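I opened a notebook for this structure. The entries below follow the order in which I looked things up.

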Amino acid sequence: MSLTSHRIFTLTANWKDNDPYPLQIFGESASGPVLVKLDTEVFTLFIEKDKNISFFGDVHNIKEVPLKSFEGKSVKAVYLSSQSSYFNFRRYCQDNGIRTYESDIWPAERYLMERFIFGAAEVQGESSVNGKVTTYINPQIRSTGYRPSLDILSVDIETGVDGTVYSIGVDYTGSSPYQHVYMRADHDEVISEAVTYFSSEASMILKFVQDLQKYDPDVIIGWHVIGFDLRFLVKRCEKLRIPFKIGRGDTDIFLEDKKGIGTQARIPGRIILDGPPTLRSAFLQYKNFKLETVASEVLGTGKDIASDGGKVSEIERRFKEDKLALAKYNLLDCTLVTEIFNKLDLFNFSIDRVINSGLLFNKLGISTASFDHYMLPLFHRKGLVAPNASDLEREDASAGGMVIEPKVGHHKNTAVFDFKSLYPSIIRTFKIDPFSRLNNETDYVRLPNGSKFSRTKHLLPNIIENLLERRAIAKQENNYSLNLATKILMNSFYGVMGSLRCRFYHSDLPSAITETGHWILKQSIEFFENRDLDVLYGDTDSLFVKLPENKDPHKFSLQTASDLNIYLSQLIKEEFSLESFLELEFEKLYSDIFFTTMRDSSSGAKKRYVGLVDGKLDFVGMEYVRSDWTELAKKFQYELFENYFMQIPVEGFIKNFVEELKNGKYNDLLTYTKRLSKDPKEYTKNVPQHVKAALLVNHTGPYRLKEVSYIMTLKGPIPIQNEVGHIDYQHYIEKQIRPIADQVLRSLGKDFDSLEVGDQLSLF
């Protein structure tokens, strides 16, 4: 053992009940993986000080602590040395009417948060080296600044209709780049540096595991890599009775199915980043999240085998007749994922999310956990313990953001004004947080919803201030990933405080934020109207304002935003004696904008409009940007508004488009694609069109059909992999063209049925 120190970035943490050092945290350092093993951080919870627990014998320790509950009751800390004793003690308390506090915080989370560690830490103490891993036993640990350089392994498998693994492809980007395909065949042979044949499935998988341990990646990535690739490999290894130890230290992978979330995976010492959920967490949107679609949009290239009805048969053919072609396809799927992650900077984005939230990678996206990471240590230092998240009484949910009904129709020169980070700015300005609510008799401010908060005793406003400064620096440095990660975290705080899963929940918190937001928008509307400016629409943090015709639109809008900021600052100072941190920005100018009506109504539709910005069409909430409409509908809507904004009569365009549709010009745009929530055969009462199509698919393979693409014909919905004929053009006219056309025609005092052709007969 030697006294050393390492700067690490936390990767994973797990608990081993039977280990003398049960809490184990893996981190990445510049010199390789580091394992921190601890016996000092046991399961910790709190109970009221006067409660007697002497009859429960499995308590590691009890301490008097200078802490109180939110209700002002003194508490004591209870320490339990194993997970089993922790569960037993919670059950004991529940059975005996003893309330526990913070008994839903796991040791690793408490260990990191109480030391204010946000991903990066320095460990110092006696260490030993075993292979590639440096191990510390109960070291000193403190927060520091360190950004990791991660070794990445992209994994993809190909499977057969017989439920076995045909091949495993890997793309390793680290200190020694490595690409390989492990392929089943009727003999063992090294074909090339990139392809090896194996005579058995078991030997193929074992070699893959051996090489994975050799290259020792920090991160495993893939496309549905958790729910498909890793899950499939785990099941095959169980079937073949071979180990699948892909964690550091030859540890197993742990899979868990969670309702509403899907399969979750933990690999000690390694991070798993799955393509689609990682993209969604970055608010990236595509037509769909198939690898082929995303690769085409991001990289300008696609897969080697298209994801259509012929994919399964082509994989089977290649495995039997052209294994090297299958290897090429398998490896391409790996490299496409690597390139997508690199092109979209998703590794840095994930690291920045850890740095901002303090959470381990497998907890990213759990907003309540990041809120705990910030708030609990600060509450403890203020002498308070928090309740369990499940113990709070829930009240009615707060009102949502204010939405002003749009003024239907076409408008020229419309400026969009947007409040920069409105809800975080409201929190910062009006001192809204759980601690200021608990201290709301101390120098309080009463907000528009009637709730009170302390001006001087608060925590969250300072956190918001620091995050806003971090985001401003990120913007200056064009650091998109840090900017986005910070924005996501800040905006989550409002939702967390109104969440039923938040231990700090109180109805005053979300309602104070939303109703103060309403008040701000109302004051802003009054400001605009007093200047004879017409507010056409408003939504939560933005206002659409029609500009005067005799003003330079950009110069006027910038000056108006500045004037409103001054007005609100003065108003907030006068009414609340607070400094305003609200900032209205001039976001963009629509030279033309169209607000549509709700379906079968004359009222304006909220969050649905299309406009021209710098000569380009911008659709919000319309069919053009929705995945459940056909490409036909999207093409029609786009060209319809091109004509409309160019003041070209749309009646002729609509008639011509319909005729071209009926003549087969758009046959390649008629496909519907829908997800299946269960096996098609399980639908018994109501069988929607996409399920009828799915029942006609000759689906083979170990997993159920999860998506179907089909075309409507005179015989009903037919999947695209079947022979499609006799297209039902009238269906597409009625369901895809008519509702879009009527949005514009009704604003002109017409409707779809009023269109006529030269012989005065109805168009349809």
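I looked up how helix 11 and helix 13 lie. Helix 11 (residues 422–430) and helix 13 (residues 460–476) have axes that come within 8 Å and cross at roughly 130 degrees. The two helices are therefore oblique to each other (under 35 degrees is roughly parallel, over 145 roughly antiparallel, 65 to 115 roughly perpendicular, and the rest oblique). I noted that helix 11 passes helix 13 in a left-handed crossing (the near helix is turned anticlockwise from the far one by less than a right angle). From helix 11, Pro-424, Ile-427 and Arg-428 make the contact, and from helix 13, Leu-460, Pro-461, Ile-464, Glu-465 and Leu-468 (contact means heavy atoms within 4.5 Å).

I noted the source. This is a predicted model, in which local features need pLDDT of at least 70 and side-chain atom pairs count only at pLDDT 80 or more, while totals for chains, interfaces and linings use all residues. Residues are numbered from 1 along each chain as its sequence is written, and side-chain values use heavy atoms, with hydrogens and water left out.

Next I checked positive phi values. Phe-116 has a phi near 55 degrees and sits in the loop between helix 2 (107–114) and strand 8 (120–130). Phe-116 counts as partly exposed because its relative accessibility is 32% (buried is under 20% relative accessible area, exposed over 50%, partly exposed in between, with a 1.4 Å probe and protein chains only). Asn-413 has a positive phi of about 45 degrees and lies in strand 21 (residues 409–419). At 28% relative accessibility, Asn-413 also counts as partly exposed.

Conventions:
Axes fitted to C-alpha atoms, helices over the stretch in contact; angles between N-to-C directions. Helix = DSSP H or I, 4+ residues; strand = E, 2+ residues; numbered from the N terminus.
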